[in-house]
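Here is a short briefing on a two-chain model. Look at the sequence and the structure first, then read the points below.

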Amino acid sequence: MAQYLPVLALLILAALFAAVSFAASKLLAPRNPTVEKYAPYECGIIPGREPPGRFPVRFYLVAMLFVIFDVEIIFLYPWAVANERLGLFGLVAILIFSATVFESLVYLISKGALDWGPLQISRRQDLTPVDDDTDLDGIRSGRRTTATTIRRVGTTGRFEEGAAA
Amino acid sequence: MLSRSASLTNGHFFNAVLAAGDPYLGDGSVDLGDVILAIAKAIIAFVVLLVAVMLMVWFERKVVSRLQNRIGPNVAGPFGILQTLADGIKLFFKEDIIPTRADRFVFQLAPYLALVPAFLTFTIIPIAGDFSDGQNGAVTIFGRETFVQVADLPVGILFFLAMSSLAVYGIMLAGWSSGSKYPLLGSVRASAQAISYEAALGLSLASVLLVAGSLSTNEIVQAQAGEGFGGIIPRWNLIVTGLIPFVVFVISGTAELNRPPFDFVEAEQELVGGFHTEYSSIRFSLFFLAEFMNTVTMSAIIVTLFLGGPAGPNFGFLPGWLWGFVWFFLKLLIFLFMFVWFRATLPRLRYDQLMDLGWKVLIPLSLAWLLLLAAIRQARNGVWEYGGSAFNSTLLALAIGTGLTVIGVGLLGLAIRSARDERLRAAGLVAVAGVSDSGLEGED
C-alpha cells in the first residue's frame, strides 16, 4: 500500500485547500442577508412550487443499466490485461459473456428503455391514425406543436393548485 | 514488452503486475526520506495543477475570443494572463449564499466531492521522464529512483475510473441539496450523462489495456515507447489499437467532462446555470476550478493512453527527463486546444441525441472493436493457429468477427425499429408496412 502514500498526501492537501478557501471567504466576504437573496433562484419569479420530488423513471433505469455495464467493464479488464496468456479459452469465454450482455442491451432497446426524445416520424412512412382524434398533420409536417411532441406526465403526486399557498 | 511478459509463467506474471509501481516505494520499507519525497511530490503536483488551471482558463478565454473575433482578457498582466487570478481574488470578497431551502451539510460538502477527485486523478499521469532506448522513465532524486509522476499505482487506470465516478457525487449532491428546481434538473441530467458515457469510456480503455498488458500508466507509456513502424511512425496506441478506441474515448471523454457539445449540465437557455446555480462566491469557484482541472487531466490521460505520454526521441543538449516533459507538453496542448475549439465550433446536442449516441452507438461499437482486436492479436501472435500460418488465422478471426458484427448490427437495428413501432402504436399511429413515398414528400 506504500504506493498510495503520495495520493493520500495530495488528498489531504486538496481538502485543506478547500477548507482554507472557505475559511478565508468567511473572513473576507460581506454578509448582508435578505429574504429574496436567500430564496431559490428562478430568474426573478417568486418560486411557487417545491422542486419535484419525483423523477421520470428513465433516470433510474439508466442508473441500473450503468451498474450492469460497469460490472461488465470491470470484468473485462483482468481478461484484457492477460489476453494472450488466457489464449483461445479466455477469448471464447469472454465472447459468450459479451454476447449475454449485448443481448440484454438489445432487449432493453427493443423495450424502449433507452428512448428519450420526441417520436421521430419519417416522411416516407405512411401512417394511419387509429382514431380520428390523432393530429396527424401536426406530427407529419413542420407544424409540430407541444401537443404532438411532449408526452404529458400528468399531475399525480404534485402539489394541488392553491394548496401550497 | 509483450515478448518479455509472454515468456513469464502465470505466477510470475501476476507477481509482476502486483510489483508495478514507483521504485522508491517498492522495496517494502518506507523510511522518512520516502515520506518526505512523497509529500514533496504532492505539493509540487498541487502547485502545478493550480497554475495549469489558471493558465487553462486564460487560454480558453483567449482562444474562444479570437475564434469569435474578440480580443478577450487583456488588462490583468501581460496578454491578460493574470485574469483568472484577479477573478479568483474577487470571488473571495463576494457574499457566500446558502439558500434557506438548501440542505446545509450536503450543500457545503459537495464542493469537496467535486474538487478532491479532480486533484487525485492527476496523480497517475507521467509528465516527464526519458523513455527512449527502452528506459523506464525513472529519474534519481536524493539517491532515490522514482518516476516523474505523483504515484504509479498498480491499478492506475481503475483509479482514474473510480475518481471520475466519484466526481459525479459532487455534481449530484450539489444539485440535490440546493432545494431549487433548476440545479436539481441539471444535476440529474449530468449524472445520467456521466454514467452513460462512463461505460463507453471504460470499454474503449480496455483496448489500450489489451495492447499494453498492464494497468499501470508508466508501463502503458513504456509499451508505446518502442521502435516505431518503419522507424518513423511511433508505436502509439492511437495506431496500435486502430483509431476507433481513440475516437470513442475522445467523444466520451468530452461528454464525461460536460464540455460542449455535451454541456447539458450548464445549458443556460434551459437550466440557468445547471447544478451550481445556487452556488456563489468561493464555493462556485471551487466547482469551476474542478471543471477546468478535469479538462486538463482528461487531456493528459488521452495523451498518456493513446499518444505515448512523455515518450519521444531524445535529441541531447537537454537532460533526458526534460525531453519527456517537452513531448508531453506539446501533445497536451493539442488536446487542450481541441477542447476549446469544440466549444467555439460545435452547437449543443439535444439530450435524447446524446443518450442515443452513448448507448446505441458508442457502447456496442467499442465492445465489438475490443473483441475483434483481441481475436486478431491472438491470431497474429500465434496463440492459436488455423490453416498453418498466422496470416490464415488472422483471416479467420476477421471473417468470424465480421459475421458477428453483421448479426449484432442487425439485432440492434431490429430492436430500435421494434421500440419505434411500439411508440407509434402507443401514440395512436400504426405503421403500414410496404407503403412508402405516398405523396407526403412534397407537402411542405
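Chain B has a mean pLDDT of 84, and 90% of its residues score at least 70. pLDDT is the predictor's confidence in each residue, from 0 to 100. This is a predicted model: local features need pLDDT of at least 70, side-chain atom pairs count only at pLDDT 80 or more, and totals for chains, interfaces and linings use all residues. Residues are numbered from 1 along each chain as its sequence is written, while chains are lettered from A and ligands numbered from 1 in the order in which they are written.

**Confidence**

- In chain B, helix α1 (residues 2–6) scores lowest, with a mean of 41, and helix α10 (residues 244–256) scores highest, at 93. Helices (H or I, at least four residues) and strands (E, at least two) are DSSP runs, numbered from the N terminus.
- Residues 1–8 of chain B stay under 50 in pLDDT, and the model gives them 11 contacts beyond four places in sequence. Two residues are in contact if their C-beta atoms, placed from the backbone, lie within 7 Å.
- Residues 432–444 of chain B are also below 50, with 14 contacts beyond near neighbours in sequence.
- Where pLDDT is low, the predicted coordinates should not be read in detail.
- Chain A averages a pLDDT of 76, and 68% of its residues reach 70 or more.
- Within chain A, helix α4 (residues 136–140) has the lowest mean, 52, and α1(A) has the highest, 90.
- For the complex, the predictor gives an ipTM of 0.82 and a pTM of 0.85.

**Chain A and its helix α1**

- Chain A has five helices and one strand, in the order α-α-α-β-α-α along the sequence.
- Of its 165 residues, 19% count as buried. Buried means that 20 or more other C-beta atoms lie within 10 Å of the residue's own, exposed means 12 or fewer, and partly exposed is in between; C-beta atoms are placed from the backbone.
- Why does the span of helix α1 (residues 5–28) of chain A agree with its 24 residues? At 1.5 Å a residue they should span 34 Å, and the end C-alpha atoms are 34 Å apart. The expected span is 1.5 Å times one less than the number of residues.
- Buried residues of α1(A) include A:Leu5, A:Leu10, A:Ala14, A:Ala18, A:Ser21 and A:Ser25.
- What do the buried residues of α1(A) pack against? Their partners are α3 (32–67), α4 (83–92), α5 (104–121) and α12 (281–306) of chain B.

**Where the chains meet**

- Chain A gives 75 residues to the contact, and chain B gives 101 residues.
- α1(A) supplies the largest share of chain A's side, 15 residues.
- That side of chain A, which touches chain B, divides into 48 nonpolar, 15 polar and 12 charged residues. Ala, Val, Leu, Ile, Met, Phe, Trp, Tyr, Cys and Pro count as nonpolar, Asp, Glu, Lys and Arg as charged, and the others, Gly among them, as polar.

**Inside chain B**

- Chain B is divided into domain 1 (19–349) and domain 2 (360–426), with bounds from an automatic or database domain assignment.
- The domain centres, taken over C-alpha atoms, are separated by 32 Å.
- In contact across the two domains are 14 residues of domain 1 and 10 residues of domain 2.
- α7(B) gives the most to domain 1's side of this contact, with seven residues.
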